[in-house]
Amino acid sequence: MAPLTFYDNALAYNTARVRIVLLEKNLPYHPINLNLMNGQSLSPEYAKVNPNLWAPTLITPDGKTLTDSVSCSRYVDTADGKPLGSADGVEAAKVDEWVDRIAQWDGNLFMRAQGSPTVLKVLAQANEFKIKFSAARAKEHPHLKEVYERKIEALTTEGKPSEADIQANYDNLSDLLTKAESALASSPYLAGPAYSLADAHFTVVIWRVHATSAAAAAKFLDSAKYPKVTEYYEKVKARPSFAKTFAGPGISGLFGMIGNLAKMQYASLTGSY
């Protein structure tokens, strides 16, 4: 099978949902690291690849472009005709039900609601930068005006989530964890006897809660309330895909983050976007 092309970001929630499936399937792919903070994902060049100006983007060997984490990961899971868990009797319908349920939870909204003050400050700075960067690109490239206007609208909404949306997202997480606790009481994995796409996506959910803050993990992942989920998470953390998926950006990525912050500060001071 020819390699896939995957536009990735080591810290992003939605790209992790695809990356973990690529690693579980052990499919060859060409990774392209996309900087989501310095304007690279908002460039006119990337707009030609993905007009939504977000990540992930997956380009299939036959040239088809997929631009959301669910369709990307479903494609990867079924590309070889052997979905994860299918050889061990996991039912596709149950997997799809779980994947759709998990997709209702917004890991980025959760980060904005529960992140530390430092993280929230950086996210606010990045959001402001991206809005102004998009506005500048819209002026430079009038033929992409509608693309950038849609992005500015999305960024504005993301930057100021309503209390109702935040609470609904908390409720989605609580419902998801409750249903997972019940499912794991009778089977080792969410959809049956073996690891499936549902487990790959659920692993990323639990990781995001832990990665947001220790306080968030203690509040939302109470081991006394969800003992089966807690045990399950320790099990999936032992899979090789986990360490590779959540390895982080490394030293070069940390230097890149510093560069991103400097670029945002410079743009703010000079008005040059």
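Rings of Phe, Tyr and Trp (its six-membered ring) count as a pair if their centres lie within 6.5 Å. Keep in mind that you're looking at a predicted model. With that rule in hand, you get 15 aromatic pairs here.

**Aromatic rings**
- Ring pairs join Tyr 13, Trp 105, Phe 110, Tyr 170 and Phe 220 into a cluster.
- Take Phe 110 and Tyr 170: their ring centres are 6.3 Å apart and their planes are at 80 degrees, an edge-to-face pair.
- Phe 110 belongs to helix α5 and Tyr 170 to helix α8, so this pair ties together parts that are 60 residues apart in sequence.
- Phe 110 and Tyr 170 are both buried.

**Helix α5**
- What sits at the start of α5? There, a side-chain oxygen of Asp 106 comes to within 2.9 Å of the backbone nitrogen of Asn 108.
- Helix α5 covers residues 107-114, and its buried residues are Gly 107, Leu 109, Phe 110, Met 111 and Gln 114.
- An α-helix has 3.6 residues a turn, so residues three or four places apart point the same way.
- Which helices do the buried residues of α5 pack against? They pack against α1 (13-25), α6 (117-140), α8 (163-184), α9 (197-212) and α10 (214-220).

**The second largest pocket**
- The second largest pocket has a volume of about 150 Å³.
- Its lining includes Arg 74, Asp 77, Pro 83, Glu 91 and Leu 197.
- Helices α3 (69-78) and α4 (92-103) are the elements that each give two or more residues to that lining.

**A loop residue**
- Ala 247 is in the loop between α12 (240-245) and α13 (250-270).
- Is Ala 247 buried or exposed? Its relative accessibility is 57%, so Ala 247 counts as exposed.
- Ala 247 and Trp 54 are 193 residues apart in sequence and 21 Å apart in space, C-alpha to C-alpha.

Terms used: Residues numbered from 1 in each chain as written. Predicted model: local features only at pLDDT ≥ 70, side-chain atom pairs only at ≥ 80, totals over all residues. Heavy atoms only, no water. Buried < 20%, exposed > 50% of the residue type's maximum accessible area, 1.4 Å probe, protein only. Helix = DSSP H or I, 4+ residues; strand = E, 2+ residues; numbered from the N terminus. Contact = heavy atoms within 4.5 Å. Polar contact = N/O pair within 3.5 Å; in protein donor to acceptor, adjacent residues only side chain to side chain. Phe/Tyr/Trp six-rings, centres within 6.5 Å; stacked < 30°, edge-to-face > 60°. 1 Å grid on protein atoms, 1.4 Å probe; cavity = no way out; pocket = protein on both sides within 12 Å on 5 of 7 lines; lining within 4 Å. Points joined across faces, edges and corners; volume = space filled by probe spheres on them.
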